[in-house]
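Hello,

Here is the structure I promised to pass on. Please open it alongside these notes.

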Amino acid sequence: MYPMEQREVNIQDELLNRFKQQGTTITVFLTRGNRIVGKVLDHDRYTILLEVEGQPHLIYKHAVSTIVEGG
């Protein structure tokens, strides 16, 4: 068993937080084949808010296939 003070690492949240803090441009590939290039404005358990060409786009995580750094 793990000690109580040791939290479970959520790789997804850590990666999205890093992209958000650094203002990194990412490419999000959706399960239906579309690709969206933008910067992470925010995220929660179910969604990612991206800035794409100055406009906010809300993407549901269940529709995401892959996220890669760069555009």
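Below is what I found in it.

This is a predicted model: local features need pLDDT of at least 70, side-chain atom pairs count only at pLDDT 80 or more, and totals for chains, interfaces and linings use all residues. Residues are numbered from 1 along each chain as its sequence is written, and side-chain values use heavy atoms, without hydrogens and water.

**Strands.** Helices (H or I, at least four residues) and strands (E, at least two) are DSSP runs, numbered from the N terminus. Two strands pair if DSSP finds at least two bridges between them. β1 and β2 run antiparallel, joined by five bridges. Val 28 stands opposite Ile 36 in β2. The β1-β2 hairpin has four residues between the strands, and Gly 33 there takes a positive phi near 105°. β2 and β3 also run antiparallel, with four bridges. Lys 39 has Glu 51 in β3 as its bridge partner. Three residues form the hairpin link from β2 to β3.

**Core.** A nonpolar core is a set of buried Ala, Val, Leu, Ile, Met, Phe, Trp, Tyr and Cys residues joined through side-chain atoms within 4.5 Å. Buried means under 20% relative accessible area, exposed over 50%, partly exposed in between (1.4 Å probe, protein chains only). The largest such core has 12 residues, including Phe 19, Val 28, Ile 36 and Leu 50. α1 (11-22), β1 (25-30), β2 (35-43) and β3 (47-52) each supply at least two of its residues.

**Thr 24.** Thr 24 sits in the loop between α1 and β1. Thr 24 is buried, at 12% relative accessible area. Beyond neighbours within four places in sequence, Thr 24 contacts (heavy atoms within 4.5 Å) Phe 19, Gly 38, Lys 39, Val 40 and Glu 69.

Best wishes
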